[in-house]
Structure formats: C-alpha cells, structure tokens
Amino acid sequence: MFPKLKPVNCIVAFLSSAFQAFGMYNIHALSSVTEGGVFGLTLLLHHWLGISPAISSFLLNAACYLLGWKTLGKDFIGYSIIAACGYSIGYAVCECFPPLWPGIADMPLTASVAGALFIGIGAGLCVRSGGATSGDDALAMSLTHLTKIDIQWIYLASDLLVLTLSLSYIPFRRIIYSLLTVILSGQIIGLIQKIPVKKI
C-alpha cells in the first residue's frame, strides 16, 4: 500500500514519538503544563473524560491523517502512522510505572522548559525522518490547502484554541508556562531541521 519505507527512518519515527510520550507522561500530565494541538487535547480529554492519551492520541491522529491523505505524500503518511503507534505504545508503557519526577508539579518553569525539550527534540527528529509525531501537521497542511491561510497561522490558532479550552482545568498562570513550552518546542524543532547532518 505504501512505498518502501526506510527501516532507519521507521525506527527514528517510532522512538522519537515514544520519547515524546515519556515527556508527556512524566512532565506535562503531572505538572499541568500542557501543549497545544493534539497533544494538549489528549490531556484535556484525559482530565475531563478519563480517556487515556494512549487511546485518544491514536484516534485523533488517525482522524487528522485521514483528512490529510489527499494533501500529503504516502511516505509522510507511512512514517506518521508509525510515529502515532510509537507515541501510543510509549505512553501505555509509561502508565505501567509511577511518574519519575512527582515534585515537578511545584516547578512550572522547570516543567515548561523540560517539557519543551522532550516535545521539541522528539518532534524534530521525527520530522527529519520524514514523518510527524502527531496529526497536527496533517491537519494544518489540509486546512492550508482548503483555506489558503498560511500554515503558521493555522498552527498558532490550533495551539491557542486548545490552550484556551485548557483554562477549564488549568490556572491562567500555568497557561502562561504552557505558552512558553509551545514557543520553545517550536524553536527547537526548527533548530533540529537546520543541523547540517546527512539525511537519514
């Protein structure tokens, strides 16, 4: 169904997403410092409906990939599906153990910076491998294709929407730290793409 995918790229896409899941479980979910887009929405659903991010992230990402099927290449979709599986499996494994840093809930600035590192590095490596760690990219590209709105504004709008909804369970001062995480992680992703290394 899909073109031949490179094994190394598949491994990077899977492990980088699992790396993100580790950060989400041990930092974001514990500290109430959230993310925008699908990541933040999974935490919102977990808080209000008790739905595990291991399940919601897979379903939400699948819906975004389906929407973006006609606007994204088959290689991208293939690597992204592998990444979605990596995140869901990674989070499910993390749920089998207690959080490593329970005290980080009292250090929102540390949590926002550490969380940005996990999100930024994980997403950056996955994008370099040819995929995406969530359906955010597929959704943004699809909406850009349909509305002709520049993709950076769609990313910003989706993040702000989720962060605004997150005010229903996260204090405003925490949302400020979440905004810092969103900005930092985006910059880290951009920096990783500029590192002059041989393409995987």
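**View 1. Ring pairs join Phe19, Phe22, Trp101 and Phe118 into a cluster.** Rings of Phe, Tyr and Trp (its six-membered ring) pair if their centres lie within 6.5 Å; planes under 30 degrees apart count as stacked, over 60 as edge-to-face and the rest as tilted. This is a predicted model, where local features need pLDDT of at least 70 and side-chain atom pairs count only at 80 or more, while totals for chains, interfaces and linings use all residues. Residues are numbered from 1 along each chain as its sequence is written, and side-chain values use heavy atoms, with hydrogens and water left out.

**View 2. Phe19 and Phe118 make a tilted pair.** Their centres sit 4.7 Å apart, with 35° between the planes. Phe19 belongs to helix 1 and Phe118 to helix 5 (residues 108–129), so the pair ties together parts 99 residues apart in sequence. Helices here are DSSP runs (H or I, at least four residues), numbered from the N terminus. Phe19 is partly exposed at 33% relative accessibility, whereas Phe118, at 14%, is buried. Buried means under 20% relative accessible area, exposed over 50%, and partly exposed in between (1.4 Å probe, protein chains only).

View 3. Tyr25 is in helix 1 and Tyr91 in helix 4, 66 residues apart. Both tyrosines are buried.

**View 4. Met24 sits in the largest nonpolar core.** Such a core is a set of buried Ala, Val, Leu, Ile, Met, Phe, Trp, Tyr and Cys residues joined through side-chain atoms within 4.5 Å. Of its 16 residues, Met24, Phe39, Tyr87, Tyr91 and Tyr169 touch the most other members.

Methods: Helices (H or I, at least four residues) and strands (E, at least two) are DSSP runs, numbered from the N terminus.
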